[in-house]
Structures are given as C-alpha cells and as structure tokens.
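Subject: Structure handover

Hello,

Here is the structure I promised to pass on to you. My notes on what turned up in it follow below.

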Amino acid sequence: MNTRSWPGNRRPGPARDPVTSERGRLINLTYRLLGSLAEAEDAVQETYARWYAMSARQQEAVESPGAWLTKVAGRVCLNVLGSARVRRETYVGEWIPEPLPEPGEWLDGRPGGATADPADRVTLDESVSMAFLVVLESMTPAERVAFVLHDVFRYSFAEVAEIVGRTPAACRQLASSARRRVRASRPSPAPAPQQAAVVRDFRQAWEAGDVHALIGLLDPDAVVIADGGGRVVRRPRVEGAEQVARACVELTGRAPGLTILERTVNGRPGLVAQQDGATTAVLAFDVAGGRVRRIWAVFAPEKLRSWTRG
C-alpha cells in the first residue's frame with residue numbers, strides 16, 4: 001500500500017521522521033471516517049501505540065511505515081464505527097458530527113488553550129462539509145471506510161481490501177453503494193460566495209428578530225437538527241420555514257446578550273453563537289437555490305472544544 005496526499009493536494013509541513021510526519025494525514029483520514037475529532041485523535045493515538053509496541057526489529061521490517069499506519073488506523077476506525085453505531089442509536093436526541101473551525105481559529109481545547117500543532121489540523125474541503133459528513137453517517141461502517149479511502153483519499157480497491165478485510169470486488173460494490181447514497185442525499189452545494197451571502201442575510205434577520213425576513217430566506221421545508229448531547233436542547237428537530245424562523249427568534253429571546261458571528265464551519269460559511277465570550281452553539285448550513293434547506297446546530301459542549309479559547 002502506498003501513502004497518499006491529503007485531500008485538496010495539500011501536504012503537511014517538513015517531515016520530522018517517516019513515522020511522526022504521518023500524523024497529520026492520519027488525523028485527516030480518521031476524522032472523515034469517524035466524524036468526531038475526539039474519536040479521530042483517539043484512533044490515531046491507538047495506531048501509534050501499536051507501532052511503538054513493536055520491537056525495533058519489527059519496525060525496521062516494515063517496508064512503508066505510512067502504509068502500515070494507514071492500514072492500522074483504517075482497521076481501528078472500522079471497529080470504532082461498529083461500536084459507535086450502537087452508541088449513537090441510544091444517543092439522547094440527534095447526533096451531529098463534530099464541527100470544525102477554520103484553520104486560523106483552530107484551538108486544541110486542552111487546559112491552557114494552547115494553539116494546536118498545524119500538523120493536527122484537518123484539511124477543510126468539501127469532503128468535510130457538514131452535509132457530506134451527515135451522509136457518511138447513514139452508511140454502514142464498511143461502506144464508509146471503502147468510500148472515504150477510495151473516493152476521497154484515492155486508494156485502490158486492492159489497498160482498501162487489505163483494511164476492510166473483503167475482496168477488491170466487494171470493496172468496489174461498497175464504494176458504489178456509498179456513492180449512490182451521496183448522490184441521492186445531496187444536491188450540488190451552492191458556491192461558497194452565494195452561501196456566505198445567504199448566511200449573512202440570515203444572521204442579520206436573526207439578530208433583528210425579523211421572522212418574516214427569516215421565512216423568506218428559508219426553504220418551505222427547511223429543517224433544523226440540533227445536537228445538545230441530551231442535555232442542552234429542548235427541541236432536537238424543527239421543521240417548516242415558519243417554525244424554524246420562530247424557533248430562532250425564541251432562542252435569542254431566552255438568551256439575552258447572545259452574539260451571532262459569521263464563521264467558517266467545516267470549510268463552509270456558518271454561524272457561531274456566543275454568550276459572555278463563550279461559544280454556546282455552532283451552526284452549519286445547507287443552502288440550495290438561494291435558500292436554507294437545513295441547519296445543523298451543535299450545542300453539545302463536548303463537541304465545541306475546538307471553538308473554545310482558554
């Protein structure tokens with residue numbers, strides 16, 4: 001198995017050594033496979049733990065450390081996805097993938113609020129947009145791994161088969177099934193400038209408490225899906241333009257002093273709600289035809305650690 005470049009043809013900085021220089025690529029891979037930065041970091045840590053558990057002679061016998069690490073990380077993620085599927089079925093409320101800020105705001109959320117190592121950042125492109133990640137959540141673990149490895153990271157089906165534990169032909173079918181899900185679930189995304197304009201208008205109408213303006217910006221069948229981790233959100237799902245508009249206005253009414261900021265969320269224009277300087281919610285948007293079709297609102301504190309300073 002050969003190593004691959006990052007999505008978007010971006011490459012990590014100068015290599016420190018053939019093993020540690022793979023960390024950024026592994027974080028990029030595992031986040032797309034798991035939809036959770038915390039789980040992605042744990043998967044990469046487990047991968048490195050297995051590498052360093054080997055003797056020096058065993059490590060030297062590995063022809064391509066990058067390929068070995070990728071194979072192990074893929075298998076770790078496959079196992080995590082199997083158990084995560086069970087956990088998410090019993091999750092209280094809606095489960096939404098963990099949102100990511102733009103690189104310039106990337107913080108590791110650890111005590112002290114130190115800026116994260118750039119090698120640990122996820123490269124933001126369409127394959128980490130919230131709409132894309134939500135579709136990935138509908139796939140079986142094997143479909144998701146086969147699709148992400150082949151269609152996003154460009155591994156051959158023979159290489160994918162080594163990770164998934166199936167034949168190359170079976171992996172081809174898995175990826176094909178996943179591809180159909182993507183095409184059926186997601187229309188072509190609106191260009192970023194158009195989405196930014198709609199999101200900006202939405203923010204202004206929201207801050208003004210203008211229900212009618214909000215309704216005009218929403219698709220008649222608009223949906224808000226909110227993830228509060230089972231504790232923060234009273235209404236995990238709101239459907240219909242008028243209902244969504246009124247829910248937004250009610251939210252600001254219950255939270256005086258709420259500040260709404262335009263930010264990049266998973267590489268696309270989105271909004272961040274802050275109160276007393278602390279991030280309380282991150283909103284990702286699906287815009288089509290000049291209107292908002294879906295809003296994914298993450299309130300769960302454990303999923304906002306990358307947005308928290310200090």
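First, a term for what follows: a residue is called buried at under 20% relative accessible area, exposed at over 50% and partly exposed in between, with a 1.4 Å probe and protein chains only. By that rule Glu 98 is buried, because its relative accessibility is 3%.

Two notes on the source. This is a predicted model, in which local features need pLDDT of at least 70 and side-chain atom pairs count only at pLDDT 80 or more, while totals for chains, interfaces and linings use all residues. Residues are numbered from 1 along each chain as its sequence is written, and side-chain values use heavy atoms, with hydrogens and water left out.

Now back to Glu 98. Helices (H or I, at least four residues) and strands (E, at least two) are DSSP runs, numbered from the N terminus. Glu 98 sits in the loop between α4 (65-89) and α5 (130-137). A polar atom of its side chain lies 2.8 Å from the backbone nitrogen of Leu 37. Leaving aside residues up to four places away in sequence, Glu 98 touches several residues, including Tyr 31, Ser 36, Asn 266, Lys 303 and Arg 305 (contact means heavy atoms within 4.5 Å).

Lys 303 also lies over the face of Trp 95, at 3.9 Å from the ring centre. For that, NZ of Lys or CZ of Arg must be within 6 Å of the ring centre and within 35 degrees of the ring normal.

Next, the aromatic residues. Rings of Phe, Tyr and Trp (its six-membered ring) pair if their centres lie within 6.5 Å; planes under 30 degrees apart are stacked, over 60 edge-to-face and the rest tilted. Searching the whole structure gives five aromatic pairs. In one of them, Phe 202 and Phe 285 have ring centres 5.4 Å apart and planes at 70°, so the pair is edge-to-face. Phe 202 belongs to helix α9 (residues 192-208) and Phe 285 to strand β5 (residues 278-288), so this pair ties together parts that are 83 residues apart in sequence. Phe 202 is buried because its relative accessibility is 0%, and Phe 285 is buried because its value is 6%. Ring pairs also link Phe 202, Trp 206 and Phe 285 into a cluster.

Helix α9 also holds Ala 208, which counts as exposed because its relative accessibility is 60%.

As for α5, six of its eight residues are buried. Among the elements covering those buried residues are α1 (23-34), α8 (168-185), β5 and β6 (291-298).

Strands count as paired if DSSP finds at least two bridges between them. β5 and β6 run antiparallel, with seven bridges, and Val 287 stands opposite Val 292 in β6. Their hairpin has two residues between the strands, and Gly 289 takes a positive phi near 65° there. Strand β1 (residues 218-227) runs parallel to β6, joined by six bridges, with Ile 225 opposite Trp 296 in β6.

Finally, confidence: pLDDT is the predictor's confidence in each residue, from 0 to 100. The chain has a mean pLDDT of 86, and 86% of its residues reach 70 or more. Over residues 8-15 the pLDDT is below 50, and this stretch has seven contacts in the model beyond near neighbours in sequence. Residues 105-116 are also below 50, with 27 such contacts.

Best wishes

Technical notes: A polar contact is a pair of N or O atoms within 3.5 Å; within protein, one must be able to donate a hydrogen and the other to accept it, and residues adjacent in sequence count only if both atoms are side-chain atoms.
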